[in-house]
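Here are my notes on the model you sent. They are set out as numbered points, beginning with a question.

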Amino acid sequence: MNNIVEWADDLVFTHTGEHLDDLQQDILREVFQGKKYARIAQNRSVTEGHVRDVASQLWKILSEALGENIRKSNVRSTMERLHYSNVSHFGKGIVHIGDVNFCPDTSKNPKPAQDRTKQPQIDLGTAPEITRFYGRTEELETLENWIINDRTHLVALLGLSGMGKTTLAVKLIETIKPEFDRIIYYSLQFSPPLTATLTHLLQFLTDSEDIPQDIETQYQKLRECLQRDRTFIILDDLQALFAPQTLSGHYKPNLENYRTFWTLLQQMIGKSHILLIGDEKPREFVEWDRQQNRTHILELKGLGNAAAQILQAEGLSDDECWEKLCDRYQNHPLWLQWVSRLIRDFFQGNVRQFLEHEILLIDPLQEQYDRQFQRLSDLEQELLQAIAAYPQPISLETLLQRRSHSPSHILNAIQSLKRRLWLQTVTEEQTISFSIAKIIRAYLSTVKLTS
């Protein structure tokens, strides 16, 4: 690490006539370690904004010196590649890049040079076109860091329907595509059998329509492709693989071999990376979450302060009331788009007037929860109604005492609801309790159980 910082200092001095100052060196060193700007600012007792400004100028200087576009997300991978790989030797022990001569770090074997000027082959299939993108800077940086710097091969992006997972993935492609030879997006929305998914992937990866249907041969060809080319695969709509009215993570008939496929992917990944997107966490993801470096899981939450940009784009008035409206709808981007159109159509864009009527469960939101609620098992539905009956979080002990089902069945159902993102966990004084969001509570008040 110190060798690369020293090399960067030599580059900057040659390019500008000035050495890196202490803060610039700290930024470079800590970004290499995956630290966020906020943590760097805290360690240096300066503002995060100051760190961002200094870092932005540093990436600009390094970009000019190296002749490549340097960003926070790719600085580590790019500088390691140039430092150890893409070099020309001039005499014994001397390496030349640009106008700089320096002694290389001989403790590592040089890696073969990689051509980053070639445009990757991209197949976005049914992925949506991005027309507007709000916030998500931190989430985008996290995904870039995991994939490019940490070289995490298997990443899962989870969140409620409409939270913007697919949009974030498409935006991610725009920023990391120089790092890959091939990029493909494929939706599992219509529950395709595994052989159909493998066939589609292999047709793109091999540039051939003639793909054998024997699954073992498909596995072998996929392994060869993933090890040969730097490939980024996005598989969306994971939830379509799972059976309704059962606990989460139970695959539909004839789709159980996807479970084996995920395990094999971890073993065959090679130079490539896979991003899995879904509304609920499969059971095997829990084990993945415990594995360091090989896998990562990002659960997408609301937009935060950026949610106000949606209201602005929709032309709503009374901006002093926007925060309350965003809080009511959990900064959920799709929900805010729905309610903004309702406010515009029926309240002339007047947010204050809408809020006065205490409206919460608008029609498209009701329909969305209807579809999701119908996928739950009977026990999950019953537990949600029991939790909704309490205005305060209800402890696990209380649930176990007051239900007629066995403790193991209740625990399994609670785990399933958490994987589906219906439950919120509250821990106070070593007591675990469960609660549900206000908007889910409102929905459950409209539902009548059939048994």
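Which residues point one way from β8, and which the other way?

1. H273, L275 and I277 point one way from β8, while I274, L276 and G278 point the other way, and all are buried. Buried means under 20% relative accessible area, exposed means over 50%, and partly exposed is in between (1.4 Å probe, protein chains only). β8 is thus mostly covered, with six of its six residues buried. Helices (H or I, at least four residues) and strands (E, at least two) are DSSP runs, numbered from the N terminus.

2. On provenance: this is a predicted model, in which local features need pLDDT of at least 70 and side-chain atom pairs count only at pLDDT 80 or more, whereas totals for chains, interfaces and linings use all residues. Residues are numbered from 1 along each chain as its sequence is written, and side-chain values use heavy atoms, with hydrogens and water left out.

3. Confidence comes next. The protein chain averages a pLDDT (the predictor's confidence in each residue, from 0 to 100) of 83, and 88% of the residues score at least 70. Over residues 85-116 pLDDT stays under 50, and the model has 49 contacts beyond four places in sequence for that stretch; contact means heavy atoms within 4.5 Å. Where pLDDT is low, the predicted coordinates should not be read in detail.

4. For the chain overall, the secondary structure comes to 20 helices and 12 strands. Of its 451 residues, 49% count as buried. Among contacts with a separation of 6 or more, 71% are between residues 24 or more positions apart. The accessible surface is about 22400 Å², of which carbon and sulfur atoms hold 46%; such areas come from the Shrake-Rupley method with a 1.4 Å probe, and for residues only the protein chains shown count as cover.

5. β8 belongs to an open sheet of six strands, in the order β4-β6-β7-β8-β5-β9, with parallel pairing. β4 (121-123) and β9 (295-299) stand at the edges with a single partner strand each, so one side of each has no neighbour in the sheet. From one strand to the next the twist averages 10°. Two strands pair if DSSP finds at least two bridges between them.

6. The pairings of β8 can be followed residue by residue. β7 (residues 231-236) and β8 (residues 273-278) pair in the parallel sense over four bridges. F232 has H273 as its bridge partner in β8, and I234 stands opposite L275. β5 and β8 also pair in the parallel sense, over five bridges, and V155 has L275 as its bridge partner.

7. Helix α6 (residues 137-149) lies across β5 (154-158), β7, β8 and β9, and runs at about 175° to β9. Axes are lines fitted to C-alpha atoms, for helices over the stretch in contact, and angles run from 0 to 180 degrees between N-to-C directions. N149 is in α6 and is buried, at 2% relative accessible area. Its side chain makes a polar contact with the side chain of N145 (2.8 Å). A polar contact is a pair of N or O atoms within 3.5 Å; within protein, one must be able to donate a hydrogen and the other to accept it, and residues adjacent in sequence count only if both atoms are side-chain atoms. Leaving aside residues up to four places away in sequence, N149 touches K72, S73, N74, R76, S77 and E144.

8. I130 lies in the loop between β4 and α6. Is I130 buried or partly exposed? At 22% relative accessibility, I130 is partly exposed. I130 and V170 are 40 residues apart in sequence and 7.5 Å apart in space, C-alpha to C-alpha.

9. A second open sheet has three strands in the order β10-β12-β11, with antiparallel pairing. Its edge strands, β10 (394-395) and β11 (424-428), each pair on one side only. β11 and β12 (residues 431-435) are joined by five bridges, and Q424 has S435 as its bridge partner in β12.

10. Helix α2 (residues 22-32) has eight of its 11 residues buried, so α2 is largely enclosed by the rest of the structure. At its start, a side-chain oxygen of D21 reaches to within 3.2 Å of the backbone nitrogen of L23. α2 is followed by G34, whose phi is positive, near 85°.
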